[in-house]
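This report describes a sheet and a loop residue beside it, together with a helix residue. The sequence and structure follow.

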Amino acid sequence: MDKNLMLLFTDEPIIAKIRNKLPYLFQLAELESSRAGKIGMQVGSKREEILSALLIYKFGENNVETNIPITEPEVDVKLFGNQISIKTISGREPNGVKLIWTVDSEKAKLFLETWRPKYDMILAHINWGSSGALYYIPTEVQSNVFDTLGREKYIKLPKQGTNPRGVELSNDATRMLVDSDKTMSISIEWKKTLIDYSPFKRWVELWGDS
């Protein structure tokens, strides 16, 4: 387990800040990613940025690397050199967690045959109007669940004839990961607030700058 991530999940002032601010920041990310009332796929990247910014806030900019090459698709941020995957999911249960985004069936099949977990994971379960959590799932927990279930029960391939855009964690695997006694979590009440937001206000103000 990463001692720095453990510290993030045991620091009481940080825990209070996460519970207080994360719903507001994620709601803002949704507003910035919406058009005509529909949330775009870019919201996932914005949520990753928010959680990476949390690491920067806690540990300092010099200790957090966010400029990750596209050759490392599973890694979203590095904390003191430790490679971390950030996942976010919305819904009543933390199901449908994407492992990779692809519409190529051959790539999905190759992923099933060759992949195994190798990075610590931060998982945000968003459940608007109810309870969710922020999880730290260490690599060892992922590996233990992977070995217990086997790759075909850990990984959920897209159904043929559909276009879900990715390979997912199975529901059984997700449940075992979040319920592990070695997984750390911060419970969050996902309450929305009234936000006066205009997608054009900032750009209009910048046009007005001399």
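Helices are DSSP runs of H or I with at least four residues, numbered from the N terminus. In this predicted model, helix α1 covers residues 3-8 and includes N4. N4 has a relative accessibility of 13% and is classed as buried, because the cut-off for that class is under 20%. Apart from neighbours within four places in sequence, the contacts of N4 are F59, L79 and F80.

F80, one of these contacts of N4, lies in the loop that links β4 (77-79) and β5 (82-90). Its relative accessibility is 44%, so F80 is counted as partly exposed. The backbone of F80 has a positive phi of about 50°, although the residue is not a glycine. Most residues other than glycine have a negative phi.

The two residues are set out below.

| Residue | Place | Relative accessibility | Class |

Strands of a sheet pair through backbone hydrogen bonds, in a parallel or antiparallel sense. For β4 and β5 the sense is antiparallel, with three bridges. In this part of the sheet, V77 is opposite I84 of β5.

Definitions and conventions:
Residues numbered from 1 in each chain as written. Predicted model: local features only at pLDDT ≥ 70, side-chain atom pairs only at ≥ 80, totals over all residues. Heavy atoms only, no water. Helix = DSSP H or I, 4+ residues; strand = E, 2+ residues; numbered from the N terminus. Buried < 20%, exposed > 50% of the residue type's maximum accessible area, 1.4 Å probe, protein only. Pairing = 2+ DSSP bridges. Contact = heavy atoms within 4.5 Å.
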